[in-house]
Amino acid sequence: MRIITFGTFDVFHAGHVNILERAKLHGSHLIVGVSSDELNMSKKQRYPIYSQEDRLHIIRSLRCVDEVFIEESLELKAEYIKYYNADILVMGDDWAGKFDHLSNICQVIYLPRTPSVSTTEIIEIVKTKRY
Ligand code: C2G
């Protein structure tokens, strides 16, 4: 089975590795679409801390990941799924229900997020920390 998932994976943390490792358990080949810097800007009104080249490099280096590409648009999910011949789309449950319309071209699975860790929170902690 070929699995596909998407994300920004900025300031890479344990929640990110957890979802990628759990996604891989559903098949044998894991493909990861890493959101481009521009997509992040349009989605979250800020650029990621890590550049898309660095984020791609980090994700590509993981043992559970077989293939990576840059996700240029949220609206192209169906095209990416077909292009990469994915059987299953895995997303974190913060996206629950949002991709159900793709279930006519592949299976769609939402996995629970890892509690108590997020990029936004890490950025806030680093910003406010006094040494
Ligand atoms: N995640 C998680 N647990 C956390 C934080 C994140 O399981 N504590 C998961 C998210 O649910 C997502 C993946 O890690 O599936 C990547 O998270 P983000 O980088 O926040 O991805 P996002 O910006 O939501 O981009 O096309 C969809 C977007 O590209 C998803």
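Mentor: Start with helix α2, whose buried residues pack against β2, α3 and β3; here contact means heavy atoms within 4.5 Å, buried means under 20% relative accessible area, exposed over 50% and partly exposed in between, with a 1.4 Å probe and protein chains only, while helices (H or I, at least four residues) and strands (E, at least two) are DSSP runs numbered from the N terminus. Keep in mind that this is a predicted model, in which local features need pLDDT of at least 70 and side-chain atom pairs count only at pLDDT 80 or more, whereas totals for chains, interfaces and linings use all residues. Residues are numbered from 1 along each chain as its sequence is written, and side-chain values use heavy atoms, with hydrogens and water left out.

Trainee: Which residues of α2 are buried?

Mentor: The general idea is that an α-helix has 3.6 residues a turn, so residues three or four places apart point the same way. In α2, which runs over residues 37–44, the buried residues are D37, L39 and N40. Viewed down the axis of α2, these buried residues fall within an arc of 155 degrees and therefore line one face of the helix, the arc being that of the directions from the helix axis to the C-beta atoms. The face turned away from this buried side carries the exposed residues E38 and S42.

Trainee: Which residues are buried in α1?

Mentor: In α1 they are G15, H16, I19, L20, A23 and K24. Down the axis of α1 the buried residues fall within an arc of 170 degrees, so they too line one face of their helix. What covers them includes β1, β2, α3, β4, β5 and α5.

Trainee: Which residues of the largest nonpolar core touch the most other members?

Mentor: In soluble globular proteins, nonpolar side chains tend to be buried together. A nonpolar core is here a set of buried Ala, Val, Leu, Ile, Met, Phe, Trp, Tyr and Cys residues joined through side-chain atoms within 4.5 Å. The largest such core has 19 residues, of which L20, L30, V32, I59, V65 and V90 touch the most other members. Two or more residues of this core come from each of α1 (14–24), β2 (29–35), α3 (52–60), β3 (67–71), β4 (88–92) and β5 (107–111). Leaving aside residues up to four places away in sequence, L20 touches T5, F9, F12, L30, V32, I59, L62, C64 and V65. There is also a second, separate core of 15 residues, which includes I4, A78, Y80 and C106.

Trainee: How many disulfides does the rule give?

Mentor: The count comes to zero, a disulfide being a pair of cysteine sulfur atoms within 2.5 Å. C64 is in no disulfide, and the nearest cysteine sulfur, that of C106, is 19 Å away. C64 is buried, with a relative accessible area of 12%, and C106, at 6% relative accessibility, counts as buried as well.

Trainee: How much space lies in the largest pocket?

Mentor: Rolling a probe the size of a water molecule over the atoms shows where empty space is left. On a 1 Å grid over the protein atoms alone, a pocket is an open set of points where a 1.4 Å probe fits, with protein on both sides within 12 Å along at least five of seven lines, and lining residues have an atom within 4 Å of a point. About 610 Å³ of space lies in the largest pocket, where grid points are joined across faces, edges and corners and the volume is the space filled by probe spheres set on them. Its lining has 31 residues, with T8, H16, D94, W95 and R113 lying nearest the centre. The elements giving two or more residues to that lining are β1 (2–7), α1, α2, β4 and α5 (119–128), and α1 supplies the largest share, four residues.

Trainee: Where is V11 found, and is V11 buried or exposed?

Mentor: Most residues other than glycine have a negative phi. V11 has a positive phi, near 50 degrees, and is found in the loop between β1 and α1, where V11 is buried, with a relative accessible area of 14%. Q45 has a positive phi of about 60 degrees although it is not a glycine; Q45 lies in the loop between α2 and α3 and is exposed, with a relative accessible area of 60%.
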